[in-house]
Amino acid sequence: MLKTINKQLLALELLKRHARVSIVHRETGLSKPLLRKTYREFHGCSAHPGALKYSTQGLTRTLKKYKEVTLFAVCFEKVVSRSQNSDIRIIINAFDIYKKSYPVSQLDFSAAWVVVRDLQRGITHIIKCHHCRAPVLLNAREYNVERCCVCKTKVTETNRDF
């Protein structure tokens, strides 16, 4: 019974952050119809329809979005380095810190979840620019040339020390 209550509390935490029903279902195992109903009751409207962005590359089509995703990735990496947990609560904590530090960001929780998934799978990763030490999220854009957003220096994976 305690496990069920914990799943329900986690679902509420995720739905409060407007997480996609598919993500909440994946993380909690609760039924999608129940989650859709709860979302509607919680927010007064239906959950967002449509597919979840498939990859970080789909989230970083503009430079502004790339910078937002990079900032969130840095927040996530810092929370991970200070945490002993390895579950969805780390993403919640990192997202909350990110939103407090940059409240006008358009990055939503579901997009943040995709970014974390790609970081954990090794598809993307953070390095520091060898010139200005700014964080750079590699493999997050569709083109092959990776450049620092701050100083425009070309970066390579050999700078991976984040």
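This is a predicted model: local features need pLDDT of at least 70, side-chain atom pairs count only at pLDDT 80 or more; totals for chains, interfaces and linings use all residues.
Local features here need pLDDT of at least 70, side-chain atom pairs count only at pLDDT 80 or more, and totals for chains, interfaces and linings use all residues. Residues are numbered from 1 along each chain as its sequence is written, and side-chain values use heavy atoms, with hydrogens and water left out.

Start with the strands. Helices (H or I, at least four residues) and strands (E, at least two) are DSSP runs, numbered from the N terminus. Strand E1 covers residues 125-128, and strand E2 covers residues 135-138. The two run antiparallel, joined by four bridges. Two strands pair if DSSP finds at least two bridges between them. Ile-126 has Leu-137 in E2 as its bridge partner. Together E1 and E2 form a hairpin, with six residues between them. In the turn, Arg-133 has a positive phi of about 70°.

Asn-139 lies in the segment after E2. Asn-139 is not a glycine, yet its phi is positive, about 65°. How accessible is Asn-139? Its relative accessibility is 32%, so it counts as partly exposed. The cut-offs are these: buried means under 20% relative accessible area, exposed over 50%, and partly exposed in between (1.4 Å probe, protein chains only).

His-18 sits in the loop between H1 and helix H2 (21-28). Its phi is near 65°, again a positive value in a residue other than glycine. His-18 is partly exposed, at 35% relative accessible area.

Now look at the surface. Ile-5, Leu-9, Leu-12 and Phe-42 form a nonpolar patch there, with about 340 Å² of accessible area together. Patches take residues with over 30% relative accessible area and no salt bridge; like charges are joined within 9 Å, and nonpolar side chains (Val, Leu, Ile, Met, Phe, Trp, Tyr) within 5 Å. A salt bridge is a side-chain nitrogen of Lys or Arg within 4 Å of a carboxyl oxygen of Asp or Glu. Areas come from the Shrake-Rupley method with a 1.4 Å probe; for residues, only the protein chains shown count as cover. Helix H1 (residues 2-16) gives the largest share of the patch, three residues. Phe-42 belongs to helix H3 (residues 32-43).

Last come the rings. Rings of Phe, Tyr and Trp (its six-membered ring) pair if their centres lie within 6.5 Å; planes under 30 degrees apart count as stacked, over 60 as edge-to-face and the rest as tilted. The count is four aromatic pairs. The ring centres of Phe-95 and Phe-109 are 5.4 Å apart and their planes stand at 85°, so this pair is edge-to-face. Phe-95 is buried at 6% relative accessibility, and Phe-109 is buried at 0%.
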